[in-house]
Protein chains: 2
Amino acid sequence: MVQTVYHTSVNQDPDSLDETFGLHPAFVDEVEDALFSKKNERVRKLVAGLHPADLADLLEHLEPKQCGQLVETLKDQFNPEVLPELDESVRDTVMRAMGFEDFASALTQLDSDEAVYIAGLLEPGERTAVFEQLPAADRMQIEASLEYGEETAGRLIQRELVAVPDYWTVGETIDYLRVARKLPDDFYVVFVVDPRHRPVGLVELNRLVRSKRPVRMRDIVNPDMDVISPDMDREDVAYLFRQRDLVTAPVVERSGRLIGQITIDDIVDVIEEEAQEDIFKLAGVGDTNLYSAVIETVRGRMSWLILNMMTAVGASIVIGLFQPTIEKLVALAVLMPIVASMGGNAGTQTLTVAVRSLATKDLDSSNATRIIGKEMLAGLINGLLFAVVAGVVAYVWFQDLGLGLVIAAAMLINLVVAGLAGITIPIALDKLDIDPATSSTVFLTTVTDVIGFFTFLALAAVFLL
Amino acid sequence: MVQTVYHTSVNQDPDSLDETFGLHPAFVDEVEDALFSKKNERVRKLVAGLHPADLADLLEHLEPKQCGQLVETLKDQFNPEVLPELDESVRDTVMRAMGFEDFASALTQLDSDEAVYIAGLLEPGERTAVFEQLPAADRMQIEASLEYGEETAGRLIQRELVAVPDYWTVGETIDYLRVARKLPDDFYVVFVVDPRHRPVGLVELNRLVRSKRPVRMRDIVNPDMDVISPDMDREDVAYLFRQRDLVTAPVVERSGRLIGQITIDDIVDVIEEEAQEDIFKLAGVGDTNLYSAVIETVRGRMSWLILNMMTAVGASIVIGLFQPTIEKLVALAVLMPIVASMGGNAGTQTLTVAVRSLATKDLDSSNATRIIGKEMLAGLINGLLFAVVAGVVAYVWFQDLGLGLVIAAAMLINLVVAGLAGITIPIALDKLDIDPATSSTVFLTTVTDVIGFFTFLALAAVFLL
């Protein structure tokens with residue numbers, strides 16, 4: 001895997017374009033060496049000109065001690081834009097290295113949505129310490145946004161935006177933009193508001209540029225906009241952005257007043273994070289990641305393993321019911337994991353599709369019945385196929401036709417049950433307003449293990465002994 | 001779960017904002033009823049004014065027959081913008097209902113990136129039939145883009161863009177924009193090119209608006225842009241957009257000539273699709289989804305189940321080695337699934353984090369050794385904890401201290417192995433340029449099943465009999 005040293009400016013050489021992106025390991029090594037031998041000038045020179053996101057990546061790649069050392073070396077040159085790009089656990093290290101005062105001053109230099117995002121992840125104690133260093137106006141604005149739930153649109157609000165009255169002309173708007181001082185770093189639309197500061201629509205900048213100066217804003221305004229409430233679930237906001245190919249959307253409070261905007265860059269992060277969350281929940285990883293410390297990693301995964309331990313003991317109890325049967329025919333012990341394992345896998349396939357379809361709103365009550373029918377049918381077909389395979393394997397291996405027929409029947413039953421459980425468990429959890437990604441895998445494997453072991457061993461007890 | 005009938009225009013009522021989005025099931029029912037009773041006027045009225053993405057959702061929710069019927073009912077009123085929003089299998093139904101001629105004419109009305117996206121998903125036979133109906137210029141442009149691999153930036157190129165020479169003034173640029181006819185539907189930047197049509201940078205529209213008319217474009221151009229090659233992996237493009245918070249990026253061919261742009265709306269889809277792909281690959285679902293027909297669904301999941309069948313038989317062979325041992329101590333058969341299952345789950349946790357970290361480029365050779373060490377340590381701690389739990393369960397259940405010690409030892413070994421395998425398998429696959437999401441779960445469960453059953457039964461054979 002060849003990686004380029006990350007390019008930070010125009011890269012006009014087409015030959016170097018199709019390589020893999022990311023920080024070059026050799027570059028990371030070089031920085032580590034310079035830090036180790038305390039060549040501060042060399043360190044500063046190496047990281048100068050790095051894009052904030054790349055400097056963040058570098059900090060994440062270093063050992064915590066070196067990470068702090070790098071921040072202390074940079075001191076005044078440290079770009080606040082790095083902070084929102086950092087993983088939570090690394091940001092703690094960086095904050096400690098900066099001190100609360102510098103950290104607070106960095107927050108004031110960021111866009112409001114970024115400052116809120118960072119403040120929202122601080123521990124209560126740290127938050128108090130940082131807030132004490134903030135100017136009152138900034139602190140109140142951040143605290144107002146933090147009132148909204150963690151997964152809501154409120155946390156994504158960027159207060160900085162451009163809004164003009166609907167009676168203004170294009171010329172007046174452009175003149176205002178030329179002299180205005182507190183504009184967002186980057187913006188794509190001008191919001192048009194009524195006298196009570198309620199949005200009546202928006203004017204895309206390309207529309208503004210192409211209109212003549214005397215034209216009134218109200219005559220070119222696009223009223224077809226989607227308005228976001230701060231209480232909205234951020235997943236719904238992301239859905240709306242994807243569905244309508246939005247770049248920005250106005251946020252209004254209950255009175256209808258425009259209080260900010262949400263922009264696509266935050267939504268891109270939401271989409272990535274929500275998909276990641278689903279993956280991690282399905283695997284029972286919890287709220288940890290690659291950078292979490294060992295103890296947090298262990299703790300994050302513990303609850304899932306405890307649940308799985310209980311499930312596994314439950315399955316063992318089912319097996320325990322048939323000890324005399326197994327004693328008489330030990331081949332049952334040899335073959336039984338096949339039935340359970342196939343059920344678990346087939347069920348997980350269906351479950352995964354169902355969980356994602358619920359998340360992307362492709363699956364809802366209007367098509368649930370049809371989809372459940374389809375999954376059961378798929379389970380039946382797969383069940384028939386693998387019943388034959390398992391039956392043949394068992395017959396050839398143990399030269400016992402009865403055993404072959406029993407494992408075939410158990411396989412068929414378990415794969416149909418797996419298909420049914422795989423689709424109905426997430427739908428049921430969703431109806432109960434429980435995130436179907438969180439707990440469905442445990443339910444599913446409990447079902448497929450118990451049914452798998454039970455049908456196989458019970459059928460054997462009845463027909464083979 | 002309350003759902004709104006999807007709002008398609010300004011929604012100023014804040015009370016209705018915080019509800020769940022998506023098509024209202026009652027609305028879908030109404031359309032179905034109207035279709036069933038062939039009330040064509042009613043159908044047309046119901047769907048009139050629906051956003052293209054919502055009409056696409058509606059078509060996806062209907063049975064294939066009704067979906068075709070709806071398209072035929074709409075006929076001339078059918079908005080081509082619906083096509084890119086449709087799931088592949090539903091689009092086939094829609095295409096058949098439209099006929100190749102109308103379908104081809106719809107393609108010509110779309111932006112080039114959308115037309116290429118759709119054409120790329122057609123079966124070879126269908127593609128020929130559609131291409132025959134296309135004007136030569138459109139066909140050649142689409143064919144040129146289809147030359148690029150399916151997962152490359154080339155497939156995302158939007159040919160429509162605004163590029164001006166660097167010696168133009170802001171005034172000349174604005175005048176050109178006012179009279180130009182073939183502009184993209186929406187754009188956020190003006191690209192500045194040299195005489196050989198190579199991009200020298202870009203001017204964000206907000207910068208253009210805020211500059212005075214006599215200023216030269218070369219004086220306000222932002223040269224800090226990221227240039228995309230059409231051969232670039234689309235995952236790398238998405239990474240770049242996320243990393244740099246881009247909204248658009250120029251695409252250049254080998255000579256450096258600007259041939260198009262990639263915009264954030266396509267990247268949002270790529271991010272969602274790539275994350276979805278990872279989830280589906282980890283669960284072995286293959287390239288199917290909720291809307292795939294039963295037979296495709298079965299086929300898509302088959303290869304995974306076949307692999308899993310082989311793995312399961314492999315594990316059974318390991319158990320088979322110890323038949324005499326199990327015959328003497330049937331408690332082993334009862335307890336053995338616990339060891340294997342815990343190993344599989346702990347391994348999957350580590351594996352999932354590793355696969356995602358590789359995808360997001362958080363894990364690479366510069367930190368691999370440290371992360372492997374961390375995961376082994378986490379495995380060791382979890383192993384010690386669950387060794388105690390399993391040992392106590394076995395001892396209490398079967399009143400056999402030896403059995404408790406054997407299961408504890410097996411658990412410890414299997415969880416350390418699971419941690420090690422969970423992190424090294426995806427890293428190894430990645431080094432071999434195999435997508436770590438695709439096949440790693442099979443490898444992992446093979447390892448944890450075999451090691452789990454083997455250590456437990458072998459330790460029992462040596463120490464308990």
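Author: One term comes first: two strands count as paired if DSSP finds at least two bridges between them. The model is predicted.

Start with strand β2 of chain A, residues 189-193. This strand is mostly covered, with four of its five residues buried. β2(A) has a parallel partner in strand β1 of chain A, residues 163-165, and three bridges join them. One pairing to find on screen is A:Ala163 with A:Phe191, its bridge partner in β2(A). How does the chain get from β1(A) to β2(A)? It crosses through helix α10 of chain A, residues 170-179. This β-α-β crossover is right-handed.

β2(A) also pairs with strand β3 of chain A, residues 199-204. Here the sense is antiparallel, and there are five bridges. A:Val192 stands opposite A:Gly201 of β3(A). The hairpin of β2(A) and β3(A) has five residues between the strands. In that hairpin, look at A:His197, whose phi is positive, near 65 degrees.

Which way do the side chains of β4(A) point? A:Thr248, A:Pro250 and A:Val252 point one way. A:Ala249 and A:Val251 point the other way, and all of these residues are buried. β4(A) covers residues 248-252, and five of the five are buried, so the strand is largely enclosed by the rest of the structure. Its antiparallel partner is strand β5 of chain A, residues 258-263, joined to β4(A) by five bridges. Across this pair, A:Ala249 stands opposite A:Ile262. Five residues lie between the strands of the β4(A) and β5(A) hairpin, and A:Gly256 takes a positive phi near 95 degrees there.

The loop between α13 (234-244) and β4 of chain A holds A:Asp245. Phi of A:Asp245 is positive, near 50 degrees, although the residue is not glycine. Is A:Asp245 buried or exposed? Burial needs 20 or more other C-beta atoms within 10 Å. A:Asp245 has 20 C-beta neighbours inside 10 Å, so it counts as buried. A:Asp433 sits in the loop between α19 (401-431) and α20 (436-463) of chain A. With 7 C-beta neighbours inside 10 Å, A:Asp433 counts as exposed.

Turn to chain B. Just after helix α13(B), B:Asp245 takes a positive phi of about 50 degrees. Helix α13(B) covers residues 234-244, and nine of its 11 residues are buried, so it is largely enclosed by the rest of the structure. Among the buried residues are B:Arg234, B:Glu235 and B:Asp236, along with B:Tyr239 and B:Phe241. What do the buried residues of α13(B) pack against? They meet α3 (52-61) of chain A, and also β5 (258-263) and α14 (264-282) of chain B.

α15(B) has a kink of about 35 degrees, centred on B:Met302.

B:Ala460 lies in helix α20 of chain B. B:Ala460 is buried, with 24 other C-beta atoms within 10 Å. Leaving out residues up to four places away in sequence, B:Ala460 touches B:Thr325, B:Leu329, B:Leu332 and B:Val406.

Last, the contact between the chains. Chain B gives 114 residues and chain A gives 114 residues. On the chain B side, helix α17(B), residues 331-359, supplies the largest share, 15 residues. By class, that side has 59 nonpolar, 29 polar and 26 charged residues.

Technical notes
Residues are numbered from 1 along each chain as its sequence is written. Chains are lettered from A and ligands numbered from 1 in the order in which they are written. This is a predicted model: local features need pLDDT of at least 70, side-chain atom pairs count only at pLDDT 80 or more; totals for chains, interfaces and linings use all residues. Two residues are in contact if their C-beta atoms, placed from the backbone, lie within 7 Å. Helices (H or I, at least four residues) and strands (E, at least two) are DSSP runs, numbered from the N terminus. Ala, Val, Leu, Ile, Met, Phe, Trp, Tyr, Cys and Pro count as nonpolar, Asp, Glu, Lys and Arg as charged, and the others, Gly among them, as polar. A residue is buried if 20 or more other C-beta atoms lie within 10 Å of its own, exposed if 12 or fewer, and partly exposed in between; C-beta atoms are placed from the backbone. A crossover is right-handed if, with the strands pointing away from the viewer, the path from the first strand over the helix to the second runs clockwise. The bend at a residue is the angle between axes fitted to the seven residues ending there and the seven starting there.
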